[in-house]
Amino acid sequence: QSQLSQALNGLSDRAKEAKEFLVQLRNMVQQIQENSVEFEACLVAQCDALIDALNRRKAQLLSRVNKEHEHKLKVVRDQISHCTVKLRQTTGLMEYCLEVIKENDPSGFLQISDALIRRVHLTEDQWGKGTLTPRMTTDFDLNLDNAPLLQSIHQLDFVQMKVSSPVPAPPILQLEECCTHNNSATLSWKQPPLSTVQVEGYILELDDGNGGQFREVYVGKETMCTVDGLHFNSTYSARVKAFNKSGVSPYSKTLVLQTSEDTQSEEQTLPFPVPLERSQLRRMSPFSSTLNLQPSFSGRSYFELRSSAHQLSLHSSLQSLNSAVDIKKMVAVAWFSFDPSSAHADIIFSNDNLTVTCNSYDDRVVLGKTGFSKGLHYWELSIDRYDNHPDPAFGVARIDVLKDAMLGKDDKAWAMYVDNNRSWFMHNNSHTNRTEGGITKGATVGVLLDLTRRTLTFSINEDQQGPVAFENLEGLFFPAVSLNRNVQVRARSG
């Protein structure tokens with residue numbers, strides 16, 4: 001009895017524990033149901049947010065289609081109206097000439113025949129080449145690329161929180177691959193040789209060239225990056241770190257780079273002395289693969305310079321373009337040529353890359369080599385050839401602008417396109433400020449980029465064309481041109 005009683009006590013304890021465990025399981029059932037409702041509501045909210053974002057984007061895209069539709073209709077209707085007026089005038093002249101031919105009085109006919117013949121020839125010349133050619137195509141040059149979004153939707157899934165691998169080791173900057181050229185800096189790095197930790201990407205940081213705080217200028221998987229639009233003749237510090245799902249590595253060692261002097265300037269000062277041990281970083285060889293900085297970082301592209309004699313023509317040109325611009329100090333100007341590496345394949349270069357044309361009837365884009373993010377900049381483009389009344393475009397653009405369409409078709413370019421009679425401003429495929437006055441062979445188009453006032457202004461033959469074209473400009477801008485085979489343009493920078 002004593003042994004059985006003792007064994008029963010142990011079994012009773014187990015039964016008590018089992019009852020407590022059953023209560024715990026029943027509480028878990030209730031908690032699972034509550035968590036399921038909460039998680040389901042969160043999932044529905046996330047998906048609804050994606051649907052709302054897609055609907056907003058759909059509305060924006062439809063708005064762009066409507067703008068293109070309105071623009072095409074306006075151009076065609078304007079051409080219909082213009083052609084109707086000319087046809088009415090021509091028909092009236094024809095009817096009058098037929099009546100004159102019926103004149104039986106020879107002397108009366110001879111008095112007006114010469115004038116009528118000249119008028120008929122003049123009217124016929126007005127129906128010259130291109131007059132009876134549509135100025136606008138009926139096709140919509142818009143193609144929605146939804147494949148990446150569909151792929152992302154198919155890959156939409158839950159992420160399980162698992163124990164991840166360690167964070168990466170600090171990257172190593174490869175000094176022999178780092179260099180500066182003009183106002184650009186190229187940096188290269190790699191993982192330590194014995195590191196086995198997986199790396200998903202890198203973050204490159206640069207200071208402001210004046211000892212200020214670091215900012216991110218590149219995030220991605222590449223191990224080489226070129227940063228454009230920095231100050232000339234300035235010292236920058238750079239560092240890089242790696243990251244994966246577990247976290248971010250410590251920073252690499254900090255590297256100091258010196259941007260180039262502006263060799264076109266007659267008079268300049270060096271605000272930052274460069275130690276001799278940094279001279280090996282100033283190698284001027286080009287790199288086969290470069291990546292430009294994201295818009296989140298604004299570099300600097302100029303420094304102040306006292307007035308010199310050879311800059312008076314620049315000063316007078318700027319004054320004639322915009323009398324409100326009070327230029328108290330000259331700026332050290334940056335000379336540039338067109339950039340074959342970023343241009344469309346149809347662009348043809350000559351004259352040391354200062355002259356461009358195209359081998360296609362479609363518009364193609366070419367950029368200048370130097371990007372600007374601060375200061376006052378002016379350059380001119382001479383029209384060396386202009387046939388069949390095309391409409392080239394001139395302005396500024398981001399490095400990733402569309403290269404196979406007219407400048408201004410996307411949101412990466414700000415431009416003025418112009419034919420032989422008039423011009424329009426265009427950005428994000430929106431056309432504004434139609435202005436009379438066009439270009440011919442020998443004309444000069446001026447571009448004034450004032451990043452202090454954040455404005456862009458255009459001129460034709462030194463007369464301002466229309467109002468201030470664009471305002472509130474911010475970021476890194478490259479000189480840009482779009483043209484076809486009927487146009488040849490020569491850049492005059494500096």
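Predicted model: local features only at pLDDT ≥ 70, side-chain atom pairs only at ≥ 80, totals over all residues.

Let's start with a pair of strands: six bridges join β20, residues 444-450, to β21, residues 455-460, and the two run antiparallel. Residues are numbered from 1 along each chain as its sequence is written, and side-chain values use heavy atoms, with hydrogens and water left out.

Some words I'll keep using. Helices (H or I, at least four residues) and strands (E, at least two) are DSSP runs, numbered from the N terminus. Two strands pair if DSSP finds at least two bridges between them.

Back to our two strands. Which residue of β21 is the bridge partner of V447? That's F458, and for L449 the partner in β21 is L456. The hairpin of β20 and β21 has four residues between the strands, and R454 there takes a positive phi near 60°.

Now, is β21 mostly covered or mostly open? Mostly covered: six of its six residues are buried, where buried means under 20% relative accessible area, exposed over 50%, and partly exposed in between, using a 1.4 Å probe and protein chains only. In a regular strand the side chains alternate between the two faces of the sheet. Here T455, T457 and S459 point one way from β21, L456, F458 and I460 point the other way, and all are buried.

On to the next strand along. β21 is joined to β22 by two bridges, again antiparallel, and I460 stands opposite D463 in β22. Those two strands form a hairpin as well, with two residues between them, and N461 in the turn has a positive phi of about 55°.

Zooming out, these strands belong to an open sheet of seven, in the order β12-β13-β24-β15-β20-β21-β22, with antiparallel pairing. Its edge strands are β12 (347-350) and β22 (463-464), each pairing on one side only.

There's another open sheet, this one of six strands: β14-β23-β16-β17-β18-β19, also with antiparallel pairing. At its edges stand β14 (364-367) and β19 (430-436); each has a single partner strand, so one side of each is left without a neighbour in the sheet. Neighbouring strands of this sheet are turned by 20° against each other on average, direction ignored. That comes from axes, which are lines fitted to C-alpha atoms, for helices over the stretch in contact, with angles running from 0 to 180 degrees between N-to-C directions. Inside the sheet, β16 (residues 393-397) and β23 (residues 478-483) pair over five bridges in the antiparallel sense, and A393 stands opposite S482 in β23.

While we're here, a word on phi. Most residues other than glycine have a negative phi, and most peptide bonds are trans. N429, in the loop between β18 (422-427) and β19, has a positive phi near 65°. N429 is buried, at a relative accessible area of 6%. N433 sits in strand β19 itself, with a positive phi near 55°. At 37% relative accessibility, N433 counts as partly exposed.

Next, the helices. The axes of α1 (residues 2-101) and α2 (residues 106-126) come within 11 Å and cross at roughly 155°. So α1 and α2 are roughly antiparallel to each other; angles over 145 degrees get that label, under 35 is roughly parallel, 65 to 115 roughly perpendicular, and the rest oblique. Who makes the contact, meaning heavy atoms within 4.5 Å? From α1 it's K86, T90, L93, Y96, C97, V100 and I101, and from α2 it's F109, I112, L116, R119, V120, T123 and Q126. Those residues divide into nine nonpolar, three polar and two charged. For the record, Ala, Val, Leu, Ile, Met, Phe, Trp, Tyr, Cys and Pro count as nonpolar, Asp, Glu, Lys and Arg as charged, and the others, Gly among them, as polar.

Last stop. Q191 is in the loop between β3 (184-190) and β4 (201-206), and counts as buried at 17% relative accessibility. Leaving aside neighbours within four places in sequence, Q191 is in contact with P168, A169, P171, V199, Y202 and A242. Y202 also brings us to Y218: they're 16 residues apart along the chain, with C-alpha atoms separated by 7.8 Å. Y218 lies in strand β5, residues 215-220, and is buried at 8% relative accessibility.

Conventions. Contact = heavy atoms within 4.5 Å.
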